[in-house]
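Subject: Structure handover

Hello,

Here is the structure for your files.

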Amino acid sequence: MPPRSGVRKLLGRIIVDTRPLKIPAFRRLWLSTVVTAVGTQLTAVAVPKQVFDLTGSSAYVGLTGLVALVPLLVFGLWGGAVADAVDRRKLLVVTNVLVAITSALLWLQAFLNFGSVWLVLGLLAVNQALFAINMPTRGAVVARLVPGELLPSANALSSTMSTFGAVFGPLLAGALIPVLGLSTLYLIDVVALTITLLAVWRLPALPPLNGPSRRAGVSDVVEGFRYLATKKVLLASFVADIIAMVFGMPRALVPEMAERTFGDPPGGGPALGWLYAALPAGAMLIGLFSGWLTRIHRQGVAVVVSICAWGAAVAAFGLAHSLWLAVLFMAAAGAADMVSAVYRMAILQVATTDEMRGRLQGVFTVVVAGGPRIADLVHGWGAAAFGTAVAASVGGLLVIVSVCASMFLLPAFWRYRAPTA
């Protein structure tokens, strides 16, 4: 084989698989994530930073996790049931519009300098309720647009663009806050959400496959949990992710560590941006070179190993006294989390029937988004009591111990293999 052909073949095996982008509807959905990726992350940085500026306390930053958790639990589960009962395209349009309005109100309160931490937290709660409906709908849509054998590739593409925003959003936030002020971050998010609405509008109609649109009630949510109880592999994947996020997600510590450990000025600076960006930077690197992920069939083992790697990297991050060493460990954690996320999403999409996908995506949203909110509370209060180093390093070690213990209770997940085409 000529050298050039060999190199081309090798790159084809490791570079991100772009075949799902040949599907026009998925390409539109993917482009919508590209546009909102940076804007959403600007708001994700602005809220905890504004709360810390108003209170000077990591405990209050941790409280943002609790405030966001309740609407995520309620509306994530109900939103998944709604996604199974109505046209998913229409639901995406409505929730995108309402999220844009909420972001506009966050900009207004910051621009007018109301100085109320409770107003910020209230708007955050509304934002998260809408997010909890939007995300399971989006995940269920992907499984309708893309064939099963391409789902890992589609998830890698979507996650790569989300992490692209998560890398450059915080870096941009760190640069913009001293120059344009914190309120500008919210305004950019509003513009991005408005642009995204155009891409979502052009998706095809996606009504339920099992009949016309109907109302979603409590019985639909209960039915989803009954279905989940029969799927031990899915149940184990949720347990593993809860362990990883609750014990191992140290993002509530970032505002305090940036200022008090790594020397940022009180108004915000580059350390804040780098620490927020490091985790998604590692994830984005894996996403760009994710072609090899499609060839691993023992997906249960891959998830467990990557979660243990995540815990080890977070524990090392807590002990780091150099900013660049801390960034390196967080990037390693992000790379491990990306591998876990791609396989967990693929397992969920393949192992769930379409009439249940919205509800199971709702549970997935509660776990993936709710776990870090609990972690914000645990780590924020842990840092207030014992310091940021102890909160992060002990949490990382607990991840490794707990996820290994969970595999003894749910061994079916360890044995899980992806079905062949």
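Does Arg260 count as buried or exposed? Arg260 counts as exposed, at 53% relative accessibility, where exposed means over 50% relative accessible area, buried under 20% and partly exposed in between (1.4 Å probe, protein chains only).

The model is predicted, so local features need pLDDT of at least 70 and side-chain atom pairs count only at pLDDT 80 or more, while totals for chains, interfaces and linings use all residues. Residues are numbered from 1 along each chain as its sequence is written, and side-chain values use heavy atoms, with hydrogens and water left out.

Salt bridges

The structure holds 4 salt bridges (a side-chain nitrogen of Lys or Arg within 4 Å of a carboxyl oxygen of Asp or Glu). One of them joins Arg260 to Glu256 at 3.8 Å, N to O; Glu256 counts as buried at 15% relative accessibility. Both residues sit in helix H10 (residues 254-261), 4 residues apart; helices are DSSP runs (H or I, at least four residues) numbered from the N terminus.

Another pairs Asp241 with Arg344, with the closest N and O atoms 3.1 Å apart. Asp241 is in helix H9 (residues 232-248) and Arg344 in helix H13, so the pair ties together parts that are 103 residues apart in sequence. Asp241 and Arg344 are both buried.

Regards

Technical notes. Helices (H or I, at least four residues) and strands (E, at least two) are DSSP runs, numbered from the N terminus.
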